[in-house]
Amino acid sequence: MTAAQIIELARQLLLGGVGTLCFGILFAIPRKCYLACAATGAVGWLAYQLAVMLGVGAVTANLLAAIPLTLLARVFAIGLKAPVTVFLLSGIFPLVPGAGIYYTAYYFIQNDNAQMAASAADTVKIAAALAIGISLVLGLPMPKPKRPPKQN
């Protein structure tokens, strides 16, 4: 890996974290969760960028990015005693295929059925990859946080 690629990955890590943090602030997540949400989004986006840099397709890259993102969301949920959805929904934000949804609607309005179908198929594949990646990790048993013993 070249120095330029490492610098680009660091830049993408920062931008993924900032974008996720802004999304979390916009949707009023608790303040104690700001940095954890930013870290979750940054890790997911970095995993996606690494996969793409290594030549993996967009669908597989999204699947591979959703796995560490969801695992980190679960860890933060336990550590900060917050719902996993706080971290998961904020963290998945950079990976959502917004451009694909936009172009599907655009081609639909332009009455370009071939382009619309291709764009819709790619968008659905990416959304399914994200859902599968999330489901794989959420289906794993996680240790319960240790509680102090009850005082009599």
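A word on the annotations before I start: UniProt positions are given in the numbering used here, and such annotations may be inferred rather than shown by experiment. With that in mind, the unreviewed UniProt entry lists "transmembrane region" at residues 12–30, 50–72, 84–103 and 123–142. The structure itself is a predicted model.

Take two of those spans. Residues 12–30 are 79% helix and 0% strand, with 25 Å between the end C-alpha atoms. Residues 84–103 are 75% helix, again with 0% strand, and there the end C-alpha atoms lie 31 Å apart.

The unreviewed entry also carries a domain feature, "Threonine/Serine exporter ThrE", which UniProt places at residues 15–137. Over that range the chain is 82% helix and 0% strand, and its end C-alpha atoms are 25 Å apart.

How much space lies in the largest pocket? About 170 Å³. Of the 15 residues that line it, Tyr-48, Ala-58, Asn-62, Pro-97 and Ile-126 are the closest to its centre. Two or more lining residues come from each of α2 (34–53), α3 (58–80), α5 (98–109) and α6 (113–138). Sorted by class, the lining has 10 nonpolar residues, four polar and one charged.

Just after α5 comes Asn-111, with a positive phi of about 60°.

That is what I have on this one.

Note on methods:
Residues numbered from 1 in each chain as written. Predicted model: local features only at pLDDT ≥ 70, side-chain atom pairs only at ≥ 80, totals over all residues. Heavy atoms only, no water. Helix = DSSP H or I, 4+ residues; strand = E, 2+ residues; numbered from the N terminus. 1 Å grid on protein atoms, 1.4 Å probe; cavity = no way out; pocket = protein on both sides within 12 Å on 5 of 7 lines; lining within 4 Å. Points joined across faces, edges and corners; volume = space filled by probe spheres on them. Nonpolar A, V, L, I, M, F, W, Y, C, P; charged D, E, K, R; others polar.
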